[in-house]
Amino acid sequence: MTIRVLIADDQELVRTGFQMILDAQPDMEVVAAVADGADAVEAARRLRPDVCLLDIRMPKLDGLEVTRILAGPGVENPMRVVIVTTFDLDEYVYGALRSGATGFLLKDSGPTLLLEAIRAAAAGDALVSPSVTVRLLQHLAQPAAGTVRPLKDPLTERELDVARLVARGRTNQEVAAELFVSLSTVKTHIGSIMAKLGARNRVEIAAWAWESGVVS
C-alpha cells in the first residue's frame, strides 16, 4: 500500500528535501507540498492524505491550529498528523498532543526517523522515540511532575507498567518482551489505558505518564 503524504512547511528547501526523501520510497507518495497552514487545510480536506507532515510555524495558520482543524477533538474522520519541530524554539508543540497529533520529530532528525514517523502514523500508531518524544515530553512535563491526575477508574499495576514503557518509547513488541506477555495482551492493556485516560493514541498515554509523575 502506498502512503499518501501531504507536506506543509514555509521553507522551500525543507519541503523540497522532504519530498525527495519521501518520493524515493517505494511505499510513499507526496500528494501535495504547501507553504502555509491555510493551504495545508485546503489540500488535506481535498486530497485526504494518509499522513499530514506539518511544520509548527507557518504563515496564516500555524501547525497547532491546522492539527486542531484536521485531527482535533470532535473532528469527524480525523486525519493523521505528524508535527515537525525545532526543540529549543517550539516547546508549545506539547499542545499538539492534545490537538490530535500522532507524533512529532525534530527537523534535523534525519531521513530514517522521518520515514519511521510517517510509517508509524500511517499504521495508526505513534512515534514515541526515546531520542525525540520522550526527551520533549520529559522537558515539558517537569513543572507537573509528581502530580498524579485522579482517575475515576485507576490504572492497574500492570497497566501502569505498560504506560511507563510506552512513555519510554517502547514498541508493543518491546513491551511484550519486557513484561513477558503476549502481543495481544499488550494491545488489550493499551486499549484499556486509553479508555481510562480518555486518550486517543500512544502519544497521549506518554504525555499523561510524564506529566503525572508516573515516569520520572
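Reply: Let's start with Lys 60, which counts as exposed because its relative accessibility is 65%, and the cut-off for exposed is over 50%. Keep in mind that this is a predicted model. You'll find Lys 60 in the loop between β3 and α3. Its backbone is worth a look too: phi of Lys 60 is near 70 degrees, a positive value in a residue other than glycine. Most residues other than glycine have a negative phi.

Arg 48 lies in the loop between α2 (37–47) and β3. Arg 48 has a positive phi as well, near 50 degrees, and again this is a residue other than glycine. Its relative accessible area is 39%, so Arg 48 is partly exposed.

Asp 62 and Asp 9 are 53 residues apart in sequence, and their C-alpha atoms are 9.8 Å apart in space. Asp 9 belongs to the loop between β1 (3–8) and α1 (12–23). Is Asp 9 buried or exposed? It's buried, at 1% relative accessibility. Leaving aside neighbours within four places in sequence, Asp 9 is in contact with Val 14, Arg 15, Val 34, Ala 35, Asp 55, Met 58 and Lys 107.

Two packed helices are described by the angle between their axes and the distance between the axes. For α1 and helix α5 (residues 111–122), the angle is about 70 degrees and the axes are 11 Å apart. Phe 18, Ile 21 and Leu 22 of α1 meet Pro 111, Leu 114, Leu 115 and Ile 118 of α5. By class, that contact has seven nonpolar residues, no polar ones and no charged ones.

In one, the axes of helix α7 (residues 157–167) and helix α10 (residues 202–212) come within 8 Å and cross at roughly 100 degrees. That makes α7 and α10 roughly perpendicular to each other. On the α7 side the contact is made by Leu 160, Ala 163, Val 166 and Ala 167, and on the α10 side by Arg 202, Ile 205, Ala 206, Trp 208, Ala 209 and Trp 210. The residues of this contact divide into nine nonpolar, no polar and one charged.

Of its 11 residues, 11 are buried, so α10 is largely enclosed by the rest of the structure. Among the buried residues of α10 are Glu 204, Trp 208, Glu 211 and Ser 212. After α10 comes Gly 213, with a positive phi near 90 degrees.

The other pair is helix α8 (residues 172–179) with helix α9 (residues 183–197): their axes come within 9 Å and cross at roughly 110 degrees. So α8 and α9 are roughly perpendicular to each other. Asn 172, Gln 173, Val 175 and Ala 176 of α8 meet Leu 183, Val 186, Lys 187 and Ile 190 of α9. Sorted by class, that contact of α8 with α9 has five nonpolar residues, two polar and one charged.

There's a pocket to visit as well. The second largest pocket holds about 160 Å³ of space. Its lining is made up of Ala 71, Pro 78, Met 79, Arg 80, Gly 100, Thr 102, Gly 124, Asp 125, Arg 200 and Asn 201. By class, the lining has three nonpolar, four polar and three charged residues.

Finally, here's the wider view around your loop. The protein chain has 10 helices and five strands. Buried residues make up 50% of its 216 residues. Among contacts in the chain with a separation of 6 or more, 67% are between residues 24 or more positions apart.

Key. Residues numbered from 1 in each chain as written. Predicted model: local features only at pLDDT ≥ 70, side-chain atom pairs only at ≥ 80, totals over all residues. Heavy atoms only, no water. 1 Å grid on protein atoms, 1.4 Å probe; cavity = no way out; pocket = protein on both sides within 12 Å on 5 of 7 lines; lining within 4 Å. Points joined across faces, edges and corners; volume = space filled by probe spheres on them. Nonpolar A, V, L, I, M, F, W, Y, C, P; charged D, E, K, R; others polar. Axes fitted to C-alpha atoms, helices over the stretch in contact; angles between N-to-C directions. Helix = DSSP H or I, 4+ residues; strand = E, 2+ residues; numbered from the N terminus. Parallel < 35°, antiparallel > 145°, perpendicular 65-115°, else oblique. Contact = heavy atoms within 4.5 Å. Buried < 20%, exposed > 50% of the residue type's maximum accessible area, 1.4 Å probe, protein only.
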